[in-house]
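Please keep the sequence and the structure in view while reading.

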Amino acid sequence: MVTTRTFARLDTRALARFFRVLGDPTRLRIIELLGDGPLTVSELVERLDLPRSRVSNHLACLKHCRFVDASPQGRAVRYELVDDGMQELLGAAWQVAGRRAAYLASCDRIGPDWL
């Protein structure tokens with residue numbers, strides 16, 4: 001269980017950045033997709049229906065922040081989640097967010113409007 005004392009030992013700036021990485025809808029969706037197993041950029045582009053450059057930029061962020069790891073496989077590169085606990089975290093987040101869905105959808109204090 002995380003307590004206030006645990007947070008006091010953490011660098012809150014690092015923790016805020018952790019959640020900022022998760023705060024982008026595209027990166028969040030990439031993490032969700034990788035929760036089912038490793039994928040190449042091409043596979044992610046197809047599933048996300050987004051331009052390759054956009055997916056690659058988000059993967060670069062996720063790799064730099066150590067959310068994903070990349071391994072060459074022939075001419076392709078496969079990406080996979082580094083921490084299995086990410087799926088648990090996202091599951092808990094969906095539960096908490098689900099109880100606030102109407103408020104979150106109407107919030108205009110945090111932007112830009114991604115929905």
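Is cysteine 61 buried, partly exposed or exposed? Cysteine 61 is partly exposed, at a relative accessible area of 24%, where buried means under 20%, exposed over 50% and partly exposed in between, with a 1.4 Å probe and protein chains only. The model is a predicted one, in which local features need pLDDT of at least 70 and side-chain atom pairs count only at pLDDT 80 or more, while totals for chains, interfaces and linings use all residues. Residues are numbered from 1 along each chain as its sequence is written, and side-chain values use heavy atoms, with hydrogens and water left out.

**Cysteines**
- The count of disulfides is zero, a disulfide being a pair of cysteine sulfur atoms within 2.5 Å.
- The cysteine sulfur closest to that of cysteine 61 belongs to cysteine 65, and at 4.5 Å it is too far for a bond.
- Cysteine 65 is partly exposed as well, with a relative accessibility of 34%.

**Sheet**
- Three strands make up an open antiparallel sheet in the order S1-S3-S2, in which S1 and S2 are the edge strands, each pairing on one side only; strands (E, at least two residues) and helices (H or I, at least four) are DSSP runs numbered from the N terminus, and two strands pair if DSSP finds at least two bridges between them.
- Strand S1 (residues 39-40) is joined to strand S3 (residues 76-81) by two bridges in the antiparallel sense, and leucine 39 has tyrosine 79 as its bridge partner in S3.
- Strand S2 (residues 68-73) runs antiparallel to S3 and is connected to it by six bridges, with serine 71 partnered by arginine 78.
- The hairpin of S2 and S3 has two residues between the strands, and glycine 74 adopts a positive phi near 70° there.

**Salt bridges**
- Three salt bridges are found in the whole structure, each requiring a side-chain nitrogen of Lys or Arg within 4 Å of a carboxyl oxygen of Asp or Glu.
- Arginine 13 and aspartate 11 form a salt bridge with an N to O distance of 3.3 Å; arginine 13 is exposed at 61% relative accessibility, whereas aspartate 11 is partly exposed at 37%.
- Glutamate 32 and arginine 29, whose closest N and O atoms are 3.7 Å apart, both belong to helix H3 (residues 25-34) and sit three residues apart, about one turn of the helix.
- Glutamate 43 and arginine 78 meet at 3.6 Å, N to O, in a salt bridge; glutamate 43 lies in helix H4 (residues 41-48) and arginine 78 in strand S3, so the pair ties together parts 35 residues apart in sequence.
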